Amino acid sequence: MTDIELDESVGAVLAAYHRFRDADSAMALRIRSETGMSDNEIAIIRYLLRERSDEHEVMPSQISRHLGISSASTTALIDRLERAGMVERISHPTDRRSILVAATDLAAERIASTHDAFEQRLLDLTSNLGDVERHDVIAYLTALAEAADATATGPRR
């Protein structure tokens with residue numbers, strides 16, 4: 001492979017990555033527009049739905065840790081979502097001082113229309129990859145995530 005071909009193929013990968021980022025941002029904007037929820041509110045609902053499908057109960061402190069936000073911010077988000085009918089607070093079955101938070105069916109419906117359609121397409125695309133292709137995609141995405149993490153937490157210049 002010549003330097004020109006290498007540069008073109010590297011450029012093609014970078015262009016595909018940027019195209020994906022743009023499409024992902026547009027999808028997130030569409031979900032926010034359709035649901036009337038903020039990114040953090042959507043993240044809470046997605047987390048609650050994922051935990052519900054795994055039959056896990058969720059306490060507000062777990063939401064705080066998952067989003068990396070304060071307990072006060074979590075409480076404010078849960079309050080807004082509860083007023084909108086997206087979550088419900090449930091008494092903890094064994095600890096009277098604790099509460100659990102669960103997504104409502106309305107929340108699942110609002111998120112599902114766009115998010116689940118994408119997840120199904122992602123599953124279909126991934127299922128059509130061969131083992132070697134999956135390995136390469138996993139390695140690339142893992143390295144990309146590590147680069148993003150290192151950039152976000154590394155020293156600023």
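Analyst: Helices (H or I, at least four residues) and strands (E, at least two) are DSSP runs, numbered from the N terminus. Helix 4 is followed by Gly85, whose phi is positive, near 80 degrees. This is a predicted model, in which local features need pLDDT of at least 70, side-chain atom pairs count only at pLDDT 80 or more, and totals for chains, interfaces and linings use all residues. Residues are numbered from 1 along each chain as its sequence is written, and side-chain values use heavy atoms, with hydrogens and water left out.

User: Why is Thr104 called buried?

Analyst: Buried means under 20% relative accessible area, exposed means over 50%, and partly exposed lies in between (1.4 Å probe, protein chains only). Thr104 has 15%, so it counts as buried. Its place is in the loop between strand 2 and helix 5.

User: What is Thr104 in contact with, leaving aside its neighbours within four places in sequence?

Analyst: Contact means heavy atoms within 4.5 Å. Thr104 has such contacts with Arg52, Gly85, Met86, Val87 and Glu88.

User: Is Glu55 buried or exposed, and where does it lie?

Analyst: Glu55 has a relative accessible area of 72%, so it is exposed. It lies in the loop between helix 2 and helix 3.

User: Which residues of helix 4 are buried?

Analyst: Thr74, Leu77, Ile78 and Leu81 are the buried ones. They cover an arc of only 100 degrees around the axis, so they are on the same side of helix 4. The arc is that of the directions from the helix axis to the C-beta atoms. The face turned away from the buried side carries the exposed residues Ala72 and Arg83.

User: What covers the buried residues of helix 4?

Analyst: The cover includes helix 2 (39-53), helix 3 (60-67), strand 1 (87-91) and strand 2 (99-103).

User: What makes a set of residues a nonpolar core?

Analyst: A nonpolar core is a set of buried Ala, Val, Leu, Ile, Met, Phe, Trp, Tyr and Cys residues, joined through side-chain atoms within 4.5 Å. In soluble globular proteins, nonpolar side chains tend to be buried together. The largest core here has 22 residues, and those with the most contacts inside it are Ile45, Leu48 and Ile63. Helix 1 (3-35), helix 2, helix 3, helix 4, strand 2 and helix 5 each supply at least two residues of this core. Helix 2 gives the most, with six residues.

User: What is Ile45 in contact with, leaving aside its neighbours within four places in sequence?

Analyst: Ile45 is in contact with Met37, Leu81, Met86, Val87, Ala107 and Ile111. Ala107 and Ile111 are among the buried residues of helix 5.

User: Why is the pair of Arg80 and Glu41 called a salt bridge?

Analyst: A salt bridge is a side-chain nitrogen of Lys or Arg within 4 Å of a carboxyl oxygen of Asp or Glu. Arg80 and Glu41 meet at 2.9 Å, N to O, so the pair qualifies. The pair links distant parts of the chain: Arg80 in helix 4 and Glu41 in helix 2, 39 residues apart. Glu41 has 7% relative accessibility, so it is buried. Arg80 has 40%, so it is partly exposed.

User: How many salt bridges does the whole structure have?

Analyst: A search finds seven. One of them joins Arg89 and Asp79, with the closest N and O atoms 2.7 Å apart. This pair also links distant parts of the chain: Arg89 in strand 1 and Asp79 in helix 4, 10 residues apart. Arg89 is partly exposed at 29%, and Asp79 is partly exposed at 26%.

User: What makes Arg97 and Asp95 a salt bridge?

Analyst: Their N to O distance is 3.5 Å, so it falls within the cut-off. Arg97 is exposed at 78%, whereas Asp95 is partly exposed at 24%. Elsewhere, salt bridges that share partners join Asp79, Glu82 and Arg89 into one network.
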